[in-house]
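User: Hey, could you walk me through this model? I'd like to start with the metal site and then move on to the fold around it.
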Amino acid sequence: MKTLIAPSMLSADFLHLEKDVEMVNQYADLFHLDIMDGSFVPNISFGFPVVEAIAAKARKPLDVHLMIVHPERYVERFAKAGAALISFHYEAALEQSGAVIDQIHSFGVKAGIVINPDCPVQKIFPYLDQVDFVLIMSVFAGFGGQKFIPESLERIRTVRQELDQRGRRDVPIEVDGGIGPDTAAEVKQAGASMLVAGSAVFKAADPKEIIAALRK
Ligand code: DX5
Ligand code: ZN
């Protein structure tokens, strides 16, 4: 599967957002947009005005990662704001997860289910036939710049194996948190093919070099 690089705009320069949007347009594959509500996670990030501003200049798909309670309340607005992919946390939707996936699909948007590092991966197995991608957190959702949790590799392998067994080899696993040139090779080897990277990309002197390193 082709590796896709999704820079997390949480680490972008918000005073010069257009410059960073252009960099992603040129060198990366997706815009990863972290939506935090101060309730599902202790942090608050940004909302519709920022997403819409990015959407207006983006030539790559918007990958919206919802870290919010009641994701079903906001799916429609993010779809209309231009999301091509929307993921929500299993821990925020629980047994409503199937309904949220259907709702995302009803807007013609790709649906992903996300799990935090402390949630057994088996919890999302019931939804693996329904989703377009799976997002495995390799840090606890809420903040950029955290350290990669090595146990995530085993979790990626387990989900990859389960997807493959179900004949869903084409469903990509996205990994998010602490990804940089030092961790990219092992997450890819474990079975992830969509790599989110925030601080590694935007704190780098040359983001395009880091993106190239993540890709290869
Ligand atoms: C964390 C977010 C991540 C974050 C990644 O809750 O979901 O997307 O921005 O940042 P880094 O790559 O710095 O760990
Ligand atoms: Zn994210």
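Analyst: Here is a short tour of the metal site, the strands and the ligand contacts. The model is predicted, so local features need pLDDT of at least 70, side-chain atom pairs count only at pLDDT 80 or more, and totals for chains, interfaces and linings use all residues. Residues are numbered from 1 along each chain as its sequence is written, chains are lettered from A and ligands numbered from 1 in the order in which they are written, and side-chain values use heavy atoms, with hydrogens and water left out.

User: Ok, which protein donors does the zinc ion (ligand 2) have?
Analyst: His-32 through NE2, Asp-34 through OD, His-65 through ND1 and Asp-176 through OD, at 2.0 to 2.3 Å from the zinc ion. Donors here are N, O and S atoms within 2.8 Å of the metal (3.2 Å for Na, K and Ca); water is not among the atoms, so sites may look incomplete.

User: And why is the arrangement called octahedral?
Analyst: Because the six donor atoms subtend angles of 70 to 167° at the zinc ion. Six donors count as octahedral if opposite donors are over 155 degrees apart and all others between 65 and 115.

User: How are the donor residues spaced in sequence?
Analyst: The pattern is H-x1-D-x30-H-x110-D. Asp-34 in strand 2 (residues 31-36) and Asp-176 in strand 7 (residues 173-176) are 142 residues apart, so this pair links distant parts of the chain. Strands are DSSP E runs of at least two residues and helices H or I runs of at least four, numbered from the N terminus.

User: Are those two aspartates buried or exposed?
Analyst: Buried: Asp-34 has a relative accessible area of 4%, and Asp-176 has 8%. The cut-offs are under 20% for buried and over 50% for exposed, with partly exposed in between (1.4 Å probe, protein chains only).

User: Switching topic, what about strand 3?
Analyst: Six of the six residues of strand 3 (residues 62-67) are buried, so the strand is largely enclosed by the rest of the structure. Leu-62, Val-64 and Leu-66 point one way, while Asp-63, His-65 and Met-67 point the other.

User: Last one: what touches ligand 1?
Analyst: Oxygen atoms of ligand 1 lie 2.7 Å from a side-chain N or O atom of Asp-176, 2.7 Å from a backbone N or O atom of Gly-198 and 2.4 Å from a side-chain N or O atom of Ser-199.

Key. Four donors count as tetrahedral if all angles lie between 85 and 135 degrees; four count as square planar and six as octahedral if opposite donors are over 155 degrees apart and all others between 65 and 115; anything else is irregular. A polar contact is a pair of N or O atoms within 3.5 Å; within protein, one must be able to donate a hydrogen and the other to accept it, and residues adjacent in sequence count only if both atoms are side-chain atoms.
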